[in-house]
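I opened this model to look up a few things and wrote them down as I went. My entries follow the structure.

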Amino acid sequence: MAVPPGQQWSEHDVSGLLSLAVDGRDVSAARQIAADVAEGKCSLLDLVDNMGVYLTHTETEIRALATRLLSDVLQHNLRKLQPKELEVLALFYIDKLKDHYTVLPSVLQGFVALSSTPNLPVGLEVQVLKAIFQDVHVQSLVYSDRRSVYNIIANFMETKEPELKGLGTDFTYGFVQATDGEKDPRNLLISFRIAHGIVAHGYQLGSFVEELFEVTSCYFPIDFTPPTTDPHGITAEQLVLGLRAVLSSTPKFAEFCLPLLLEKLDSDINSAKVDALETLISCCEVYTSVELAPSLPSLWASIRREVFQ
């Protein structure tokens with residue numbers, strides 16, 4: 001079924017390969033489609049046109065399989081796409097967010113790819129994030145789909161920072177809503193990095209300073225022991241340092257963070273005390289005397305007790 005080198009797809013080639021890839025769940029046919037698009041035998045937009053019957057099929061499973069195929073092909077051909085092609089695909093995926101929940105993982109996969117290219121036309125990143133924040137209840141998703149959402153946000157922060165800052169506090173609030181309640185340590189590493197980036201790169205916090213602090217500080221102190229068979233290599237130290245970077249990132253957190261550290265300094269758990277002291281050191285490098293002054297007597301009393309007991 002492969003198209004000879006230098007030859008364009010015929011209608012028969014398209015329908016045959018798509019039927020095998022979607023109806024027949026043929027992995028080799030899906031790979032052939034991706035390879036043919038990469039070799040210029042068919043453009044990605046032509047592929048979308050030819051996939052119309054599958055992408056709009058009445059059966060949810062067929063739509064989900066077709067969307068996954070499109071996202072797989074997109075991921076392998078992203079660098080070749082022109083801004084207009086990226087725009088068409090972004091708008092298609094935005095519309096697909098309203099499809100059945102089984103289609104959503106492949107839609108998010110497509111957004112992960114699109115968010116990683118700086119060639120996406122300006123304005124679409126805002127449309128994508130607004131649609132996700134509005135239409136997707138992130139914490140009801142499985143781990144991998146939540147991770148996709150975090151990667152989309154993190155990618156856009158790398159490629160479209162000025163445009164994201166244009167969202168003002170809506171961006172901060174959207175992230176807070178998305179990450180609130182996250183439990184998976186793999187996702188928390190990304191979430192902590194995003195939270196730190198929001199503060200460090202001057203995104204507007206507005207009235208959501210406490211909310212941003214709360215959705216991260218609720219994990220303090222980190223209590224994580226990776227399974228002995230953990231293939232991901234996540235360590236407690238990575239989580240501790242990631243969270244510490246957030247808590248000590250801005251003096252605006254001082255009024256919330258210092259009472260938390262005082263509470264943990266009085267803990268009966270030694271590891272919590274050590275973490276609190278080390279986090280306090282990091283905070284003192286950022287918080288000014290104005291923020292520290294109200295808590296100094298209590299902090300000194302706790303530290304003196306630990307030193308001289």
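Domains. I started with the domain assignment of the chain, which gives domain 1 (13-77), domain 2 (84-218) and domain 3 (228-308). I kept in mind that this is a predicted model. I then looked up how far domain 1 lies from domain 3: their centres, taken over C-alpha atoms, are 51 Å apart.

Helix H5. I looked at helix H5, which runs over residues 60-77 and has 18 residues. From its first C-alpha to its last it reaches 26 Å, close to the 26 Å expected at 1.5 Å a residue. Which residues of H5 are buried? I listed Ile 62, Arg 63, Ala 64, Leu 65, Ala 66, Thr 67, Leu 69, Leu 70, Ser 71, Val 73, Leu 74 and Asn 77.

Thr 250. I found Thr 250 in the loop between helix H14 (236-247) and helix H15 (254-265). Is Thr 250 buried or exposed? Its relative accessibility is 8%, so Thr 250 counts as buried, because the cut-off for buried is under 20%. I set aside its neighbours within four places in sequence and found Thr 250 in contact with Val 199, Val 286 and Tyr 287.

Aromatic pairs. I noted a count of seven aromatic pairs. One of them is formed by Phe 213 and Phe 253, and this pair is tilted, with 5.4 Å centre to centre and 55° between the planes. Phe 213 lies in helix H13 (residues 209-217) and Phe 253 in the loop between H14 and H15, so the pair ties together parts that are 40 residues apart in sequence. Both Phe 213 and Phe 253 are buried. I also wrote down a cluster in which ring pairs link Phe 92, Tyr 93 and Phe 111.

Charges over rings. I looked up two cases. Lys 165 lies over the face of Tyr 203, at 5.6 Å from the ring centre. Arg 186 lies over the face of Tyr 143, at 3.6 Å from the ring centre.

Nonpolar core. The largest nonpolar core has 99 residues. Which of them touch the most other members? I noted Phe 111, Leu 114 and Leu 212. Phe 111 was already in my notes from the ring cluster. I followed up Leu 212 and left out residues up to four places away in sequence: Leu 212 touches Phe 175, Val 176, Ala 195, Ile 198, Val 199, Leu 205 and Phe 253.

Notes: Residues are numbered from 1 along each chain as its sequence is written. This is a predicted model: local features need pLDDT of at least 70, side-chain atom pairs count only at pLDDT 80 or more; totals for chains, interfaces and linings use all residues. Side-chain values use heavy atoms; hydrogens and water are left out. Domain bounds come from an automatic or database domain assignment. Helices (H or I, at least four residues) and strands (E, at least two) are DSSP runs, numbered from the N terminus. Buried means under 20% relative accessible area, exposed over 50%, partly exposed in between (1.4 Å probe, protein chains only). Contact means heavy atoms within 4.5 Å. Rings of Phe, Tyr and Trp (its six-membered ring) pair if their centres lie within 6.5 Å; planes under 30 degrees apart count as stacked, over 60 as edge-to-face and the rest as tilted. A charge sits over a ring if NZ of Lys or CZ of Arg is within 6 Å of the ring centre and within 35 degrees of the ring normal. A nonpolar core is a set of buried Ala, Val, Leu, Ile, Met, Phe, Trp, Tyr and Cys residues joined through side-chain atoms within 4.5 Å. The expected span of a helix is 1.5 Å times one less than its number of residues.
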